Amino acid sequence: MLPVFDGHNDVLLRLWTHEREGGDPVAEFANGIASGHIDAPRAKAGGLAGGLCAIYVPSGDLVFAEPDSDGHYVTPLAAPLDPLPSLRITTEMASIALRLHRAGAWRLCHTVKDIRKAMADGVFAAVMHIEGCEAIGADLAALEVFYAAGLRSLGPVWSRHNIFGHGVPFAFPMSPDTAPGLTGAGFELVRECNRLGIMIDLAHITEKGFWEVAKITDQPLVASHSNAHALTPVARNLTDKQLDAIKDSRGLVGVNYATAMLRDDGRSDGDTPLSDMVRHIDYLVGRVGIDCVALGSDFDGATIPDEIGDAAGNQKLIAALQHAGYGADDLTKLASENWLRILASAWREERV
């Protein structure tokens, strides 16, 4: 079984939601449950050795639009969030991540050396990621605190606007060039992430924001869970020009398992063949090269192909790629090594 390090999941959101309903997040992850996509038993069964675990503050007002007669849809952006409730929720999810670490249910990793050691020990290697920085004020004081708690990756925005920048809507077909990019505070956030060694994720930002980050960052360009706009023109996917910039920076695209970002028709439908995933991976590898493509499942945050189902089915994608002609070295890069290279670069580690 080929170990997979995954670029994006929302398991902390699921655990936080269930804890608010009376659940025990440590027991749920360690022992497993029937719902959702990721827990320790299913991760082990599917070779999911670790990943970037997102802290995401949900938007209660977001209602996904239904496609019209042509299959087109535009979901209005969720409203900006209040900072104090966002800080509380973000802290609660970070607490769950730390409790899982303390209990030995997973290992919270700060370095690539930590990740490799956890993978070798058979313990889920978790990296704390913030998806949308509503919990962080313009003074960036909270960023220092979250960094001390283990934060090593963040996306300045989710698909809504905040004090740092502008996000893209969930829409099909639509260009990612939908709104302005970074604010003045957003430029400062990028610079501070560069100083601390926090990876910057461009998965939800507008195209203008993408290019503004590209101008000032000292890191490779990364979109942790996005696909090819040329194949599926949802606003969340990347244009060829963006992909070329990622290639030029020796960055990375993490292929999203979300069916709405894989299908020709942009629909969220579990009845989506793995050939659609292979098609996007083939296209991305052809555009940016084998060293700049990896996996960013969006487990626990999206509708994924029924054939995969959950983390236990992850090797079915590996088998499909092997059947499509990918050899052992390339599969190892796609499954884990490309992510570890990028994280080492963003975190300014020596070769590991």
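The legends below describe close-up views of a predicted model. Local features need pLDDT of at least 70 and side-chain atom pairs count only at pLDDT 80 or more, while totals for chains, interfaces and linings use all residues. Residues are numbered from 1 along each chain as its sequence is written, and side-chain values use heavy atoms, with hydrogens and water left out.

**View 1. Helix α4, residues 83–103.** Helices are DSSP runs of H or I with at least four residues, and strands are runs of E with at least two, numbered from the N terminus. At 1.5 Å times one less than the number of residues, the 21 residues of α4 should span 30 Å, which agrees with end C-alpha atoms 30 Å apart. Gly 104, which follows α4, has a positive phi near 80 degrees.

View 2. Buried residues (under 20% relative accessible area, 1.4 Å probe, protein chains only; exposed is over 50%, partly exposed in between) include Ile 89, Met 93, Ile 96 and Leu 100.

**View 3. Lys 247 in helix α9, residues 240–248.** Lys 247 is partly exposed, at 43% relative accessible area. Leaving aside neighbours within four places in sequence, Lys 247 is in contact (heavy atoms within 4.5 Å) with Arg 287, Val 288 and Cys 292. Phe 164 lies 83 residues from Lys 247 in sequence and 25 Å away in space, C-alpha to C-alpha.
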